[in-house]
Amino acid sequence: MGHGDEMVLAHANFPMSSICRCGTVEIQADGQESESSCIPPDLGIPKLLEAVLKLLSLDTYVESLGAVMELVPNDKERGLQTSVWKDYEIFLLQVGCTHPGKDREI
């Protein structure tokens, strides 16, 4: 990966197929049958993120090294907890990201 390249690790409801129509490569890691799926169904995004960060270094020339989706207003009002975000933050800190967290809204 080069400077400015981005990788999205998303759950099954993320509209990846429509985004990939623009030339982006889609690799499914959700255990669903597809030409690009070769990863066990129980992998999960935290394990996948941890593995990716061991193999690929983060681009230090970009402002934001990691981002998560913004909660919708209804989820904020209900006080929805997203404990998995803490796992992501820990992995990013381990590879040198000094200010992980919600860096931008998607």
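Guide: Glutamate 70 is buried, with a relative accessible area of 17%. The model is a predicted one.

Visitor: Why is glutamate 70 called buried?

Guide: Buried means under 20% relative accessible area. Glutamate 70 has 17%, so the label applies. Glutamate 70 sits in the loop between α2 and α3.

Visitor: What makes the pairing of glutamate 70 and lysine 76 a polar contact?

Guide: The two side chains make this contact at 3.1 Å. The cut-off for the N or O atoms is within 3.5 Å. The pair therefore meets the distance limit.

Visitor: Why does leucine 56 count as partly exposed?

Guide: Its relative accessibility is 33%. Buried is under 20% and exposed is over 50%, with partly exposed in between. Leucine 56 therefore falls in the middle class. Leucine 56 lies in the loop between α2 (44–55) and α3 (73–78).

Visitor: What makes the nonpolar surface patch that includes Leu56?

Guide: Met7, Leu55 and Leu56 make the patch, which covers about 310 Å². Patch residues need over 30% relative accessible area. Leucine 56, at 33%, therefore passes that test.

Visitor: How do you know that the buried residues of α4 line one face of the helix?

Guide: Tyr88, Phe91 and Leu92 are buried in α4 (residues 84–94). Seen down the axis of α4, the buried residues fall within an arc of 100°, so they line one face. An α-helix has 3.6 residues a turn, so residues three or four places apart point the same way.

Visitor: What covers the buried residues of α4?

Guide: The cover includes α2.

Key:
Residues are numbered from 1 along each chain as its sequence is written. This is a predicted model: local features need pLDDT of at least 70, side-chain atom pairs count only at pLDDT 80 or more; totals for chains, interfaces and linings use all residues. Side-chain values use heavy atoms; hydrogens and water are left out. Patches are made of residues with over 30% relative accessible area and no salt bridge: like charges are joined within 9 Å, nonpolar side chains (Val, Leu, Ile, Met, Phe, Trp, Tyr) within 5 Å. Accessible areas come from the Shrake-Rupley method with a 1.4 Å probe; for residues, only the protein chains shown count as cover. A salt bridge is a side-chain nitrogen of Lys or Arg within 4 Å of a carboxyl oxygen of Asp or Glu. Helices (H or I, at least four residues) and strands (E, at least two) are DSSP runs, numbered from the N terminus. Buried means under 20% relative accessible area, exposed over 50%, partly exposed in between (1.4 Å probe, protein chains only). A polar contact is a pair of N or O atoms within 3.5 Å; within protein, one must be able to donate a hydrogen and the other to accept it, and residues adjacent in sequence count only if both atoms are side-chain atoms. The arc is that of the directions from the helix axis to the C-beta atoms. Contact means heavy atoms within 4.5 Å.
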